[in-house]
Each structure stands twice: as C-alpha cells, then as structure tokens.
Amino acid sequence: MPKSTKNVQCSFCGRTHNEVESFIKGADGVLICNICIENASEILKKQKPIKEEKKINNIELPKPSEIKRKLDQYVIGQDEAKIILSVAVYNHYKRILTKKNFNDVEIEKSNILLMGPTGTGKTLLARTLSNILKVPFAIADATTITEAGYVGDDVETVLLNLVQNAEYDIESAEKGIIFIDEIDKIARKSESTSITRDVSGEGVQQALLKILEGTRSGVPPKGGRKHPEQSLLYVNTKDILFIVGGAFEGLEKIIANRLRKSAIGFTAEPVQKLDETYLLLKQAEPDDLVKYGFIPEIVGRLPIITSLHDLDENTLINILLTPKNALIKQYERLFELDNVKLIVKDDALSAIAKEAKKRKTGARALRSIVEQLLIPIMFRIPDEKDIKSVIITKECVENQSEPILESHTNKILA
C-alpha cells in the first residue's frame with residue numbers, strides 16, 4: 001500500500017482510492033487494486049481445470065490388440081513386427097501414464113530397433129503409431145547427423161523437430177515418438193576402436209546414446225548450433241520413445257557365421273537353409289550388432305529388436321488396394337473429382353508389383369510407377385470433357401502403351 005492514497009489510481013482498471021479497498025504497489029510504481037487481483041484470480045481458477053484435462057487426455061492408450069488392428073488398416077503384412085511394436089508401445093506409455101510407484105523395481109524405457117530392407121514399412125509403422133496415440137512425431141535421418149564441431153546436424157536437431165511438431169509444447173513433446181532412419185549407416189567401419197575421428201560414426205553413436213537413455217537436453221529454438229549467448233529450450237528425453245530403423249546390409253552374414261560356428265555334428269541345422277535375410281535378421285543378438293559396428297552401450301539402449309521381411313508380389317498388390325490410404329483408392333477419388341472412372345485391371349496390378357520388385361525399393365517404388373502411368377492422362381482429362389473412364393492394362397505397364405479411354409457414348413478415344 002502506498003504511503004499516501006490520495007490522487008492514485010489502479011494502473012490496470014483506472015479505479016481511484018475512493019472506489020477500492022486497497023492497492024498493491026509493484027515495480028516502477030505500478031499499482032493494482034484488490035478488485036483486479038480478485039478478477040485475475042477467478043480467471044486463473046477457470047483456466048486450471050482445462051489445462052489439467054488437456055494433460056490427462058493428451059494420450060489415449062489403446063490395448064495392444066487395438067493398436068495392432070489399427071496398424072492393419074494402414075500397413076499390410078509384417079504381422080510379427082506389428083505385434084512386437086504394439087506390446088512395446090503399450091508398455092512404454094503404460095509406464096508413463098500409470099500413477100503407481102514400484103519402490104522395489106524401476107521400469108526402464110524400451111526403445112525399438114527395426115531391421116529390414118528399404119521400403120518394407122519401417123517409417124510407416126512408426127508414423128502410424130504416433131497417429132494412433134495422438135502424440136507428436138518426428139523423423140530424423142542418421143546420415144545427416146555429425147559430431148559437434150563438424151558441418152551437419154547435431155543430435156539436438158532431432159529433438160527440435162519433435163518440439164516444432166508439438167507446436168513448442170514441451171510437455172507434449174516429452175511424450176512423443178522419434179523415428180531415426182538409416183541407423184545402420186553410423187556403424188563403425190571396423191570392430192576395433194580407431195584413434196582417428198569418425199565424424200558420422202562412433203561419435204554420433206555417443207551423442208545419440210545420451211538422448212536414447214534419457215537426459216535433459218538444451219535445444220536451440222531456432223535450430224542451428226548452440227552458442228553461449230543463445231537461449232535454449234530444455235527437453236527431458238526419458239519418456240520419449242525412440243524407434244530406430246535400418247536395412248543392415250551385411251548383418252545377415254555376421255549372423256550366418258555365428259550360426260555356422262555354433263552348428264556341431266550332424267544334428268545341427270545347415271546354415272544354408274537360413275538363406276533369407278529375414279530369417280537371419282530374426283536371430284540377431286546384441287553381439288552381432290557390436291560386430292556390425294555399434295558400441296555396446298547403444299545396443300543396450302535398444303532392447304526390443306524386430307525384423308521386417310521383404311515384400312512379395314501379392315503383398316505389393318494388397319498395398320495398392322487394401323489400406324485406407326491405398327494408392328489406387330487415392331487416384332480413383334482424384335479421377336472421380338473430374339467425373340472420370342479409373343479402372344486398373346488385375347494383370348496391370350501384377351505388372352506394377354513385378355516392376356516394383358525389380359527396382360528393389362519395396363513399396364516406395366509403387367507410387368513412382370503409378371504416377372508415371374497416370375500423370376500424362378491426368379494432364380489431358382481437365383481439357384477433354386468427353387472422357388468417361390480410363391482403363392489401365394498390363395500393356396500400359398510393360399510396354400508403356402496408352403491407357404484405354406472410353407467416352408460417354410462408349411466409344412474408344414485415341
């Protein structure tokens with residue numbers, strides 16, 4: 001309260017000393033009356049339950065079977081990997097959301113390692129999980145990360161992407177999912193420790209180890225390298241779920257050699273029966289990853305390992321037709337907007353799948369093949385109102401023949 005209340009008024013509402021009971025004096029002589037304080041208190045009380053409700057309802061945790069069922073709507077095949085992921089994600093968020101404390105047991109975070117050829121659905125699985133749980137999601141490429149002091153991104157950039165996708169809500173970001181792709185590309189070139197710098201190898205593994213195991217990391221809000229004069233956002237990574245993926249080419253040879261050495265006598269199963277990469281990767285052990293070039297500490301922070309198998313032609317056809325966001329469904333709707341019906345014959349679907357197999361990039365090849373087929377005709381359709389339907393045949397895929405165009409009078413158009 002000022003010593004003299006004559007000729008003073010509230011700096012916020014303008015009420016004089018005759019209209020209020022008391023004033024509180026702040027910095028630089030600013031005055032606030034008891035009425036403004038009471039009003040501000042009421043506003044804060046009304047806002048508090050909304051904030052708490054947002055915090056509680058931020059994550060709706062489905063059962064593992066429900067997670068698997070939702071994954072099935074977007075990801076075709078890979079059932080074993082989906083079951084392992086569903087249980088791992090359920091346990092991770094159950095650990096975060098539960099209020100029960102186990103004084104005798106500490107439940108640690110279980111990050112996930114996905115191994116499999118390119119285009120088998122590693123990124124799609126991780127992204128779909130984040131959509132199911134409605135948590136922030138970020139993708140990082142391990143090949144762009146370098147040790148501090150070298151040109152490239154540092155590990156804090158990975159966290160910045162998550163914070164940005166959470167609209168700078170740190171509390172929400174700290175319960176998000178980060179997918180790091182191409183993790184196999186930062187393996188050491190040899191199992192022995194080198195005295196020379198490995199800019200994008202072991203040094204990056206050491207940097208990633210800190211955020212994988214859980215740390216409070218300072219993130220530059222505008223990106224770039226940290227410097228002393230810059231203000232930082234601090235993110236605790238102990239509850240962020242990390243899913244890392246890679247093709248791990250050559251790891252199957254390390255596993256095969258181990259299995260061959262452990263095979264004793266005539267009762268042992270010949271290693272050549274395990275010639276498929278998927279069957280070998282399924283038997284990966286921590287020691288195999290260390291031999292591949294990962295430091296033991298980072299292998300220990302990836303306790304859940306699952307492999308994805310290469311996609312056969314039938315699976316590729318199902319990917320074209322079945323998921324909610326199936327490519328053929330998407331283009332059918334786009335053609336409908338121009339009042340044109342798109343028909344893709346069964347033999348054309350098989351030809352697309354065979355071509356995708358040749359390109360050896362899994363499901364990624366499907367979009368480029370389909371777009372290559374349809375973009376020329378999609379360029380024509382808006383100008384030619386007489387087109388009723390477009391029919392894609394096997395010849396269109398194999399011989400780059402023109403699609404069959406039918407008019408509204410059932411004539412074949414050139």
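**Helix packing and backbone features in the predicted model**

Lys134 is placed in the loop between H4 and strand S4 (137-141). Helices (H or I, at least four residues) and strands (E, at least two) are DSSP runs, numbered from the N terminus. The structure is a predicted model, in which local features need pLDDT of at least 70 and side-chain atom pairs count only at pLDDT 80 or more, while totals for chains, interfaces and linings use all residues. Residues are numbered from 1 along each chain as its sequence is written, and side-chain values use heavy atoms, with hydrogens and water left out.

Lys134 is not a glycine, yet has a positive phi of about 60°. This residue comes just after H4. Lys134 is exposed, at a relative accessible area of 54% (buried means under 20% relative accessible area, exposed over 50%, and partly exposed in between, with a 1.4 Å probe and protein chains only). H4 is mostly covered, with nine of its 12 residues buried. The buried residues of H4 are Lys122, Thr123, Leu125, Ala126, Thr128, Leu129, Ser130, Ile132 and Leu133.

A positive phi is also found at Glu182, about 55°, although Glu182 is not a glycine. Glu182 lies in the loop between strand S5 (177-181) and helix H7 (202-213). With a relative accessible area of 26%, Glu182 is partly exposed.

Ala173 belongs to helix H6 (residues 170-173). The relative accessibility of Ala173 is 0%, and Ala173 counts as buried. Leaving aside residues up to four places away in sequence, Ala173 touches Pro136, Leu162, Val163, Ala166 and Ile240, where contact means heavy atoms within 4.5 Å. Leu162 and Ala173 are 11 residues apart in sequence, and their C-alpha atoms are 6.1 Å apart in space.

Two helix pairs were examined for packing. Two packed helices are described by the angle between their axes and the distance between the axes. Axes are lines fitted to C-alpha atoms, for helices over the stretch in contact, and angles run from 0 to 180 degrees between N-to-C directions. The axes of H2 (residues 64-72) and H3 (residues 79-97) come within 8 Å and cross at roughly 135°. H2 and H3 are therefore oblique to each other (angles under 35 degrees count as roughly parallel, over 145 as roughly antiparallel, 65 to 115 as roughly perpendicular and the rest as oblique). Their crossing is right-handed, that is, the near helix is turned clockwise from the far one by less than a right angle. On the H2 side the contact is made by Pro64, Ile67, Lys68, Leu71 and Asp72, and on the H3 side by Asp79, Lys82, Ile83, Ser86, Val87, Val89 and Tyr90. These residues divide into seven nonpolar, one polar and four charged; Ala, Val, Leu, Ile, Met, Phe, Trp, Tyr, Cys and Pro count as nonpolar, Asp, Glu, Lys and Arg as charged, and the others, Gly among them, as polar.

For H14 (residues 346-359) and H15 (residues 364-380), the axes come within 9 Å and cross at roughly 125°. H14 and H15 are therefore oblique to each other, and their crossing is right-handed. Ile352, Glu355, Ala356 and Arg359 of H14 meet Ala365, Leu366, Ser368, Ile369, Val370, Gln372 and Leu373 of H15. The contact of H14 with H15 comprises seven nonpolar, two polar and two charged residues.
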